[in-house]
Amino acid sequence: AAADEEAHLKAEEEKAILKAEEEAKTAAIEEDAIKLKVEEEETVRLKADKEASLEVKDVEKKSGNAEKELQTEEKFKSIISTMTEEETIGSNDQSCRSLESSQQEDSKSDNYHTLEDLKKPIDGVNWAKRETYLSDTNFKGTFGMDKETYAAMPLWKRQNQKKIHGLF
């Protein structure tokens with residue numbers, strides 16, 4: 001009887017060991033499946049980021065030459081306009097002061113661009129912070145809030161807003 005009981009206990013112990021090994025294998029398989037899923041998601045995200053980057057580079061290449069031509073044309077127009085104004089003003093000091101103050105105002109407004117302009121590369125504009133080059137009025141009209149409120153938002157919300165308006 002003691003030998004039967006000992007054999008029975010040994011069989012139960014072996015069953016428990018086999019069950020524990022089975023559970024460990026199942027847990028390892030589940031853990032591997034989770035790791036594989038995370039890796040797949042990361043691969044998909046990286047692929048999407050790379051495609052977006054390539055699209056941006058392609059657009060930059062296509063618009064780069066046109067943008068340079070437009071900038072050159074605008075510079076020539078500005079020079080011609082300035083030369084015409086200077087000829088009209090003549091030697092009148094008061095008129096000269098008026099021209100200088102208007103040029104100073106123009107240089108202040110040069111810091112702002114329209115939303116459509118900011119969707120293309122612009123020399124001197126930080127690509128990652130294009131929204132900051134909108135005037136306060138255009139910013140509020142576009143994002144529905146002032147710049148301070150926008151800056152206080154979490155990064156992911158700001159990025160979503162930029163995506164909505166084509167600035168990401």
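**Why these labels?**

User: What makes Lys119 and Glu116 a salt bridge?
Analyst: Their closest N and O atoms are 3.3 Å apart. A salt bridge is a side-chain nitrogen of Lys or Arg within 4 Å of a carboxyl oxygen of Asp or Glu, so this pair, at 3.3 Å, gets the name. By that rule the count comes to six salt bridges. Keep in mind that this is a predicted model, where local features need pLDDT of at least 70, side-chain atom pairs count only at pLDDT 80 or more, and totals for chains, interfaces and linings use all residues. Residues are numbered from 1 along each chain as its sequence is written, and side-chain values use heavy atoms, leaving out hydrogens and water.

User: Is Lys119 buried, exposed or partly exposed, and how do you know?
Analyst: Buried means under 20% relative accessible area, exposed over 50%, and partly exposed in between (1.4 Å probe, protein chains only). Lys119 has 33% relative accessibility, so Lys119 is partly exposed.

User: Why is Ser135 called buried?
Analyst: Its relative accessibility is 19%, so Ser135 falls on the buried side. Ser135 also touches Tyr112 and Lys147, leaving aside residues up to four places away in sequence; contact here means heavy atoms within 4.5 Å.

User: What about Asp136 and Lys147, what makes them a salt bridge?
Analyst: The closest N and O atoms of Asp136 and Lys147 are 3.6 Å apart, within the cut-off. As for exposure, Asp136 comes out at 52%, so Asp136 is exposed, while Lys147 has 22% and therefore counts as partly exposed.
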